[in-house]
Amino acid sequence: MSKVEDYIITIPDFPEPGVMFRDITGVLDSPEGLRLAIDELAGLLDGVEYDVIAGAEARGFIFGMPVAYKEGKKFVPIRKKGKLPRETVEKTYDLEYGTATIEIHKDAIKPGDRVVIVDDLIATGGTMKAAADLVEELGGKVVKMIFVIELEGLEGRKKLEGYDVDSVVKYPGK
């Protein structure tokens, strides 16, 4: 196999009928698949000037950290509320059935930092918009958002309008 999408496992009708679940663990199961994903994510950053890579819990850590390592950049975790030990800023956002809150250390992003946000998947864009809001609240500038998978049918790019968004693999449905 030679493409990242070859390692993504599609599970029909999960978690409900009509949904095609795109399982990223097939990428993680394979050293070649993981290497391809990290290399392709890093490739999406060619020509981008940035200082920091941030990743949202938990799969943004899985993919963001090795990209930061490969690129020689600082990595900043964006975590669920209550998981970071120092002073934080937080953002609450809407989910399909409720809300969620994410946090970032108050000193993690410096004014003027150029930030790339990494995650495994862009669906509706809610988590990434909240992450971008946190970066900007701290004075950083989001210069790019990159994803392994994009579910185009959920139109997450609409919520992220004005940001440079890119993904390795695009699926037209939900």
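1. Start just after helix H4. There, Gly-139 takes a positive phi of about 95°. This is a predicted model, and the phi value is computed from it.

2. Helix H4 itself covers residues 126-137. At 1.5 Å a residue, its 12 residues should span 16 Å. The end C-alpha atoms are 16 Å apart, so expectation and model agree. Much of the helix is listed as buried: Gly-126, Met-128, Ala-130, Ala-131, Ala-132, Asp-133, Leu-134 and Val-135.

3. Asp-133 sits in helix H4. Is Asp-133 buried or exposed? Its relative accessible area is 19%. The cut-off for buried is under 20%, so Asp-133 counts as buried. The side chain of Asp-133 makes a polar contact of 2.6 Å with the side chain of Lys-129. Beyond its neighbours within four places in sequence, Asp-133 is in contact with Lys-91 and Tyr-163.

4. Now the sheet. It is open and has 7 strands, in the order S5-S6-S4-S3-S7-S8-S9. The pairing is mixed. Strand S5 (88-95) and strand S9 (165-171) are the edges, each pairing on one side only. From one strand to the next, the twist averages 20°.

5. Look at one pairing in detail. Strand S4 (residues 74-80) and strand S6 (residues 98-105) run antiparallel, joined by 2 bridges. Which residue of S6 is the bridge partner of Lys-80? The partner is Ile-102.

6. Helix H2 (residues 31-43) touches strand S7 (114-122), strand S8 (141-151) and S9. The direction of H2 makes about 140° with that of S8. Helix H3 (residues 59-71) touches strand S3 (52-56), S4, S7 and S8. The direction of H3 makes about 175° with that of S4.

7. Helix H2 also passes the length check. Its 13 residues should span 18 Å at 1.5 Å a residue, and its end C-alpha atoms are 18 Å apart, which agrees. Buried in H2 are Gly-33, Leu-36, Ala-37, Ile-38, Leu-41 and Ala-42. What covers the buried residues of H2? The cover includes helix H1 (25-29), H3, S7, S8 and S9.

8. The largest nonpolar core holds 29 residues. Which of them touch the most other members? They are Val-4, Val-27, Leu-41, Ile-53, Phe-63 and Val-116. H2, H3, S7, S8 and S9 each supply at least two residues of this core. A second, separate core has 28 residues, including Val-76, Ala-100, Ile-102 and Ala-131.

9. Leaving aside neighbours within four places in sequence, the contacts of Ile-53 include Leu-45, Gly-64, Val-67, Ala-68 and Lys-73. Lys-74, Phe-75, Val-76, Val-116 and Val-118 are also in contact with Ile-53. Val-76, one of these contacts, belongs to the second core.

10. Last, a histidine. His-105 lies in strand S6. Its relative accessibility is 10%, so His-105 counts as buried. The side chain of His-105 reaches the backbone nitrogen of Arg-86 at 3.2 Å. Leaving aside neighbours within four places in sequence, His-105 is in contact with Leu-84, Pro-85, Arg-86, Glu-87, Thr-88 and Leu-138.

How values were computed: Residues numbered from 1 in each chain as written. Predicted model: local features only at pLDDT ≥ 70, side-chain atom pairs only at ≥ 80, totals over all residues. Heavy atoms only, no water. Pairing = 2+ DSSP bridges. Helix = DSSP H or I, 4+ residues; strand = E, 2+ residues; numbered from the N terminus. Axes fitted to C-alpha atoms, helices over the stretch in contact; angles between N-to-C directions. Contact = heavy atoms within 4.5 Å. Expected span 1.5 Å × (residues − 1). Buried < 20%, exposed > 50% of the residue type's maximum accessible area, 1.4 Å probe, protein only. Core = buried A, V, L, I, M, F, W, Y, C linked by side-chain atoms within 4.5 Å. Polar contact = N/O pair within 3.5 Å; in protein donor to acceptor, adjacent residues only side chain to side chain.
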